[in-house]
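Q: I would like a close look at one part of this protein, the part that is packed inside. Please take it step by step.

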Amino acid sequence: MVKNLNINNRRYTGSKYKLVEWIRELLKEHCADCGSFFDVFGGTGVVTASVTDMYQSFIINDFLFSNEVIYKAFFLQEAYDREKLERMAKAYNGIDRAKLESNYVSENYGDKYFKMQDAKLIGHIREDIETQKQAGAITDKEFCMLLASLLYSFDKSANTVGHYEAYIKGKEIRGDFTFSLIEPIDLQGKGIAIYREDANELAKRVEADIAFVDPPYNSRQYSRFYHVMETITKWDKPPLVGTAMKPPEENMSEYCRNAAPKAFRDLVEHLNVKYIVVTYNNTYHSKSTSSQNKITLEEIREILETRGRTLIFEKAHPCFNAGKTEFSDHKEFLFITEVGERDA
C-alpha cells in the first residue's frame, strides 16, 4: 500500500522542519496570551502545521502558486471524498506509462528533471486533474489535494539536489515515480485564512497576536528555484528556455535584492501584532555570493528594536549547501520582539 504524504515530506531550501520543536518551546515561553498566528512567509507550511495545537486561528501566506495549492490541500477544512481520491490514485499508478503519448511535461522535462516515462505519466496526471476540475467531477478541495499530491510525489523522484534551479547531469535518472496522496491536517474546528500575496501589502490589512517572519535572505529567488513546481501548478504551459527550462520571470522578491533591508523595515513597521518572531541564519559572510544574506544580523536587530523589546536566541543548524558554499559554525537565530515594550 502506498504511504500517504505529510506536509513535511518535501525538499525545500530553508525549511524549518528540523527546528520546529525549538521554535515551539520559545513561543510557549516568551509569547504569552496569544490566540492567533500569522505565518508571513509560509514556505513549506511546516511551522504553521507544528503550532495548530497552540492557537485558535491562523493566517498563512506565500507568493508561490504551488505553495498556495499546498496550503489549501493540507489546511482548508472542507469536505472531500477520500475513497474517490484513493480510486483515482490507484488508477494513476496502474497506467502503463510506456503507452502514453508525449505531453508538455515530457517534452520539456523528460530525461532532465524526470525520467522520460515518468515525465509522461506526470504530464498525463496533471492534464487529467485539470480535466476533472473543468468537468466539475472534483471539488476545489479535491483539486488541491490531487495537485499537491502530484507535486509532493514527483519531488521525491526528481533528478535534482532538492530544488529546481538545475537538474543533475551525467548520472542515471531514477525511474521510480509513484503517485501518493497527501494527508490533510485536521484543525479541529479552528480557522485558517490562506493568501498568495506580497507580504508587505498583506501586513497592512491583517492582524494577529503573533507574526512569524521567515523571509528569504539571499539572492536565490524561490520562484526560480521552484519553477518546475510553479509551471506544473499553473498549467498555463509557457515556453521554457535555457538549459534549466525556465519560464519567463515572475514573483521576484525584493528580499532577494539589495533593497531587502528597506523591505524588511517596511514590513516590521506595519505588522499589527503583539509579538514579531523572526528567524535568521548567519550566512552573511558566505564565500558564495548567492548565499550571502542581503540583510545583516545587526540590521535585523536594529529594525526589530524600533517596535519593542527584542530577545535573541541561537541554535547550531546545518545550512543549505549546493556544493559551492564553504561555511562552518552555521547558526539559526530567532528574534522575539514584544511590540510596544522597549528597554529603558
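Which residues have the most contacts inside the largest nonpolar core?

A: This is a predicted model, in which local features need pLDDT of at least 70, side-chain atom pairs count only at pLDDT 80 or more, and totals for chains, interfaces and linings use all residues. Residues are numbered from 1 along each chain as its sequence is written, and side-chain values use heavy atoms, with hydrogens and water left out.

The residues with the most contacts inside the largest nonpolar core are L27, F75, F114, L150 and F154, and the core has 80 residues. A nonpolar core is a set of buried Ala, Val, Leu, Ile, Met, Phe, Trp, Tyr and Cys residues joined through side-chain atoms within 4.5 Å. Buried means under 20% relative accessible area, exposed over 50%, and partly exposed in between, with a 1.4 Å probe and protein chains only. Helix α7, residues 140–157, gives the most to this core, with ten residues. Helices (H or I, at least four residues) and strands (E, at least two) are DSSP runs, numbered from the N terminus.

Leaving aside residues up to four places away in sequence, F114 touches V105, Y109, A119, I122, F154, A158, I173 and V228; a contact means heavy atoms within 4.5 Å. There is also a second, separate core of 30 residues, which includes V40, Y255, A263 and L304.

For the protein as a whole, 55% of the 344 residues count as buried. The protein has twelve helices and seven strands. Of its contacts with a separation of 6 or more, 78% are between residues 24 or more positions apart.

Two of the helices show how such elements meet. The axes of α3 (residues 65–75) and α10 (residues 227–234) come within 8 Å and cross at roughly 65°. Axes are lines fitted to C-alpha atoms, for helices over the stretch in contact, and angles run from 0 to 180 degrees between N-to-C directions. Angles under 35 degrees count as roughly parallel, over 145 as roughly antiparallel, 65 to 115 as roughly perpendicular and the rest as oblique. Helices α3 and α10 are therefore roughly perpendicular to each other. F65, S66 and V69 of α3 make the contact with M229, E230, T233 and K234 of α10.

Lastly, the cysteines. The structure holds zero disulfides, a disulfide being a pair of cysteine sulfur atoms within 2.5 Å. C31 is in none, and the nearest cysteine sulfur, that of C34, is 5.6 Å away, too far for a bond. C31 counts as buried at 6% relative accessibility, and C34 counts as buried at 15%.
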